[in-house]
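This report covers a helix pair and the domain contacts of a structure. The structure comes first, followed by the terms and the findings.

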Amino acid sequence: MSGKGGIIRELRQSKTLLLMIAPTILFFIVFSYIPMIGVYYAFTKFDFDGGLFGSQFVGMENFNFLLKTGVLWNLTKNTVLYNLAFILLGNIMQIICAVFLAQLSGKLFKKTAQSLMFLPYFLSWVLVGAFVYNLFSDLGVVNSVLKQIGLHSYDFYLHTAPWKFIIVFFSVWKGLGYGTVIYLAAIMAISDEYYEAAKIDGATIFQQIRNITLPLLKPTFILLILFSLGGIMKGQFDLFYQIIGSNGMLYDATDIIDTYVFRSLTVNFDIGMGTAAGLYQSFFGFALIMIVNFIIRKTNKDYSLF
Amino acid sequence: MRKIKKRWTLLVSLSMLASLLAGCGGSNNGAAEKNNPATSGGNASPSVSEATATKEPLKKVKLTWYLVGDTHKDMDKVMAEWNKMLEKDLNTTVDLKFTTWNDWQTKYNLLLTSGEKIDLIFASSWADFYKLSKQGAFLDLKDLLPEYALETWGNVPKDDWGSVTVSGGIFAVPNTNPEYTPSGYVYREDWRKELGLSEFSDLNSIEAYMDAVKTKKHVTPINGMVYDNVNVLFKSWNDFQMIGGNELIAATSYDTPRDIQIVPFTDKYEAWVKKMKEWADKGYWNKNSLSSKQEAGDFIKTGQGAIYWRNPSSAGGFINEVKSKNLNMEISYFPFTRFHNYVLPTLPSSNAMAIPKSSDNPERSLMVLDKLRNDPAYFDLMTYGIEGKHWAKGKDTKTIVIPAPGVDLNVTPRFDIASWGWRYEPNMLKEEGGWDGLDKLKEEFKPISKPDIFGPIYMDYDPVKTELAAVNQVFEQYGKPLMLGLTSDVDASLKTYRDKLKSAGIEKLLSYVQEQSNQYFDEKGIQ
């Protein structure tokens, strides 16, 4: 069944199916695979006359700037850890909210709560950045309250410690409504028969949640986690850029690859170096998802992505 | 059909007229016109039609121009009027676009690298003009200029062309508006008088002023974004002459150009950052100043700030704005040139217009630029806005009134797009009733002017670009907080800063800068 004949026959047999998937394939070819040619920029010294292939080949030289200051490890660590926190905390909070919302019976309250939770999702990070600044600056809300109740004010912008929590908090807060809806949909898909049977057996609400809802949400949870892991090396640039901006005091705890690259390139615009950093990021992300998927496939084959 | 015929007749008659004029000395005509712009101000000047009418009729072209900075809310109206004239004279329309000031540098670079079709763009030594020219972003205009921008080719001084020449090619048309743009502070003069403080003359007087503003007025002297405000004071007070657009490597003074050092490694720097720690602790600026995104000047206007860094002409703009908005305050200006009693003229290449390689119509674009620079009708409209709305004629032909009578500046703000690239002094108009300090400063600067021996040093950085990128990161992360006295232990953070700079390769960068500078100094015979 292998070889050329097999492929042609297969193509002919599933003509309609292939036709249906063609737009998607085309989309990925045009928007994901063709632009990949640009990766070659990472190995050239760009000049306007030569363009992509005419520019001089310089090998790995463009990657040097990432290694030079020795910050690469810190950046990678920050990027991965922040994203892990966003993904795990975010999903857990979303599940909790979804489960509670599903149990609520008052329709008006349920709708209102859901809308309010969803609202931050539509705010731009620019606005959130302004909120954060007005909350934590010298004359901000938090410091004013601290002073009012007779405590010392705290210079948030001079210490790295609080920012880890502030950033994670705002990321989770912003994505909460969106994720909750996904989990809520998954909960709604669970057949009522399970719950009825559980009720007849005399299970409390908490027992129902623990033994029916949560186990049935597990596939959704794992799928979403896996999907998010693909982007674990991609920092949320707008989040960090808008909240931290150009405050060097906080970089140790808040600098991620994306913001570092952005700064390098605004100061010293260089296509080669920019592409090199992007390539490093993609490569690392690719390796990471392969490893995670491998582990999952070993432990529980049904849940693996591929 | 009839319209075309009519045009042809006009053209033929014009060309006859032109050849007639050329016969009796067309060049004189051009010169006379330059000296007397008022007479030809209203209608299209004949001298340019003369050049075009003798050629084939121009085919219709749409150009795209880019400027840095923000647009004006009446830009569409201005462009509509401008294009009307342009279409008639050169059968061209221009689509003028802006990068906005927000992240302008990134956008500017991307516009050029992405190969977007642009026919003319603002270029400047502070927008990587030399680096981009070397990389081949701009078109060499050497051969096009005498043919398509003859008037400009003639009236830009030879030295100015030299300043935009990179390895033999001319890559931009520089502005022709010699000026001085040293740093200085605008400040609340009324508060200084009220608090009985002496006038600014040195660091101590500035410190005393800030102290009084903080303790007696309970206002943060430098509010909002602070870094640049402190950095310019640092450079000017210590007479550091930064070389090659770099914030870290400088000659230690104007008189010792060959003594090039790494600024953060000097004793002066150490003493300075210790002082800044004191200033920061005393609350001369906020602890969150690095995260603030508001200009210090905006706080002055609302009475919440006292000091703002400006050059003389932008100080003039600031003071005029405060005046015309009737804000109840007196603003004065102190140029840092008084610290060391000399001033450097601004390089012509710091404001210029260039044609990117992607342009489809470089010839036409040059023709339009030539017209913009030299025809007062075009120049005034693009530089000052619509007459009767944004400005009105003053008491003589060289002065204007802003805004036009009966126009509210709060509704129709000043027309202040980044027109620097095409400015041509004979066409510049003076604002009546504006801040008179500018002229006084010009008088003050003239006798103490010294040639700029640092600006023209061309730095490519290509052999050390890895080090430069790394060093800039270190500077962003450690240098800026240190300069603003935000770290808790100055000695420790200074040590970290220096160590990080070393490991980022600043010494390699230094020897590169020294080598390039010495090469230039040798060439020019500067010791």
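## Terms and basis

Two residues are in contact if their C-beta atoms, placed from the backbone, lie within 7 Å. Helices (H or I, at least four residues) and strands (E, at least two) are DSSP runs, numbered from the N terminus.

This is a predicted model, in which local features need pLDDT of at least 70, side-chain atom pairs count only at pLDDT 80 or more, and totals for chains, interfaces and linings use all residues. Residues are numbered from 1 along each chain as its sequence is written, and chains are lettered from A and ligands numbered from 1 in the order in which they are written.

## Helix pair in chain A

A:Tyr183, A:Ala186 and A:Ile187 of H9(A) meet A:Thr213, A:Leu217 and A:Thr220 of H11(A). By class, this contact has four nonpolar, two polar and no charged residues (nonpolar: Ala, Val, Leu, Ile, Met, Phe, Trp, Tyr, Cys and Pro; charged: Asp, Glu, Lys and Arg; polar: the others, Gly among them).

## Domains of chain B

For chain B, the domain assignment (automatic or from a database) gives domain 1 (58-178 + 349-384), domain 2 (184-340) and domain 3 (462-524). The C-alpha centres of domain 2 and domain 3 of chain B lie 23 Å apart.

In chain B, 29 residues of domain 2 are in contact with 23 residues of domain 3. On the domain 2 side, helix H13 (227-238), strand S10 (260-262) and helix H14 (267-281) of chain B each give two or more residues. H14(B) supplies the largest share of that side, eight residues. The residues of that side divide into 18 nonpolar, four polar and seven charged.
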